Amino acid sequence: MQRSHRSRRSDPPVPGNLPLELDAFVGRSAELTRLAEALETARLVTVTGMGGVGKSRFAARAAAGTDVCDGAWRVELATVHDPGLVEYAVVEALGLTDQTSRPPRQVLLDHLAERQLLLVLDGFEHLVEACASLVGALLRRAPGLRVLAVGRRPLDVEGERLFPLAPLAEAEAVELFADRAAARVPEFTLHDGNRSDVREVCRRLDGIPLAVELAVGRLGALSPGQLLSRLEDRFRLLTGGGRDALPRHQTLRTAIGWSHELCTPEERLLWSRLSVFAGQLDLEAAEYVCGGEGLHADDVLDVLGELLAQSVLSRQETAAGVRYRMLDTVRAYGADWLEAAGDAERLRRRHRDWYMGLATWCELDWFSPRQGEVAARVETELPNLRRALDHCLTEQGEAHLGQYLAGTLWFYWVGCGRLSEGRHWLERSIELDGDRDQSRLKALWVLGYVAVLQGDTVPALSALQECREEAERSGDAIAVAYAEHRTGCLALVTDDMARAEALLRSALDRYHEIGELNSNVLMGQVELAMTLAFQGDLPGAVRLCEDVRQVCEDHGERWALAYALYVLAYEALTDGDTARTRVLLTECLAIAHTFRDLLGTVLAIELLALVTAVEGDPAEAAVLQGAASGMWPSVGLPLFGSAYYNAPHERCEALARDRLGEVRYEECVRAGARLGQDTSVARALGRTGEAPLGAVPSPRRLPPDTRKPAASPTPKGGETTG
């Protein structure tokens, strides 16, 4: 894994989520070699060192050079402040979607048990106990796992090997200075006239990479000689005029402080105020949160541009647009100034208000053609939304705001594969006494909804009953409708079709009376369509879903549309039109996978397996059934444990076993189970619908199913996810 002394990464990227390098990686060849050797002999290696020494960049470069078949995955923990969210952060970083009520640690143990994988835990020092507990458990149960931890102190886990990272050697620090200077000031070159000044600047900064880069940020206005002169003045004050070396941590703080002093008052003000953000931020958020009281909102852009030019901030392109980021060490310095100024609490409230407003806007915009943008925006803003939630749930008198925010994000928890984390925040919020019934009621019905989708019947029923009783007592018609709707959803997945139909019809009537129309209402129609289909009324189910389809087209809604397409696909299949069925399911699956909606994804694959069997390819049908079986543990009880939902699966299995035989069928199922989610979806979407060579012919119409509950001729219903 040894790499060149100074290079840009050019070889194929390691599977995983390691950040791309945007500028040259300088030096550290010997350290990279030693770390590679350490990772060969120890399953837990912790890179330690002071802030600003380059631990994160070094660890990412080392991880990219490892050879692990299941990839290298980085978990950024600096933005996580609640120890209870550490395991969720790891699940998120690994790209896992789990909609069950399983604890996130169990999800990780199951996922990692048979994989060869390198996990990079970056910035754990404020979460040592939680991280140590998790790492110890994972290493004991996942023999193919190696962990590269990055922090300012050890984890103190058995078997840990420490790898202290020192600052750059003088020559490498000079090389770093020259590289960054040339990028910032194109005419800059290192020559005999400035070499000694540059070398002395790097020496005075102890070769600390962050300090060097901050110094380079001043080259737009200062020459290396002027830079050195001003830096020497600052250090002389700290050492009483002598040349004694400062401790390295003091050197970095001095370098940051010196950069801070050279800022204008407006730049210093913005620097401190930006420290309230977690992770990335955008311009609009900065203008709202940081504007006012000494810094007009209209001036934030110009001041932010200056901080960007001085390397206090970095600019990043994301799916949600241009974002800005502040290094943790720089952020901590700004936070100290904000506290000293006595303005921290006001800024935290403004930060909370902005993200509550953002969540409100996103909930409304979810029912629009911008659904995809909303999903990407919330995904990007999750660290800041978590910080706002934590603020609301820990500050006295703000419980109702936390309940409101946790409930308002229902569309993200449910529609984008975040059920487990959503339940974490919802349960935290309703444990507190809020003074606003409406906020608590919303948190209750959303919690019930999440628990229904996780297959956790008792907590779901408890939350929904409490919501309805309190809503009826307070006269909250909206909360009554939602509680009734989700209770009907619960009846649907537990095979009580008569009760499900009654509750869903009543809830839809209530929605109509109060003028409610959104994705939830459309999902109520789809769920009612499923109850009708399961009771034999396919024409009625189709009418409902065609109406949903039209409303979705009018409003640009895609998520609820996927479930309506599912019901329509089932009707087409029972009618013998496999070509139309595949077209409908292909769109359904593509939408669900885009939103990381695992329930919609696995239901579509289950029905595609039946389509494939009917088309005459039992081997591929069995592979798709295996792929679905690999997903269900992350969704909940397979097919909800419902005889109605299970009917298509049983039909497919019977067809495939009959044509393949027991041995071949099981081989195909095992092959499918080994596929990852993305591969499974790509495989399911890639079929054209034409019968493959050698496929076994089969009748176009499905034979009647005598094993299914009485009155349920159909196979599947869609959703109940919604």
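Mentor: The search covers the whole structure and finds zero disulfides, a disulfide being a pair of cysteine sulfur atoms within 2.5 Å. The model is predicted, so local features need pLDDT of at least 70 and side-chain atom pairs count only at pLDDT 80 or more, while totals for chains, interfaces and linings use all residues. Residues are numbered from 1 along each chain as its sequence is written, and side-chain values use heavy atoms, with hydrogens and water left out.

Take cysteine 416: the closest cysteine sulfur, in cysteine 362, lies 10 Å from its own, too far for a bond. Cysteine 416 also counts as buried, at 4% relative accessibility (buried is under 20% relative accessible area, exposed over 50%, partly exposed in between, with a 1.4 Å probe and protein chains only). For cysteine 588, the closest cysteine sulfur belongs to cysteine 545 and is 11 Å away, too far for a bond. Cysteine 588 is buried as well, with a relative accessible area of 2%.

Another buried cysteine, Cys290, sits in helix α12 (residues 283-290), together with buried Leu283, Ala285, Ala286 and Val289. Helices (H or I, at least four residues) and strands (E, at least two) are DSSP runs, numbered from the N terminus. Down the axis of α12, the buried residues fall within an arc of 160°, so they line one face of the helix; the arc is that of the directions from the helix axis to the C-beta atoms. Their cover includes α11 (265-274), α13 (300-309), β9 (321-325) and α15 (344-365), with contact meaning heavy atoms within 4.5 Å. Glycine 292 follows α12 and has a positive phi, near 95°.
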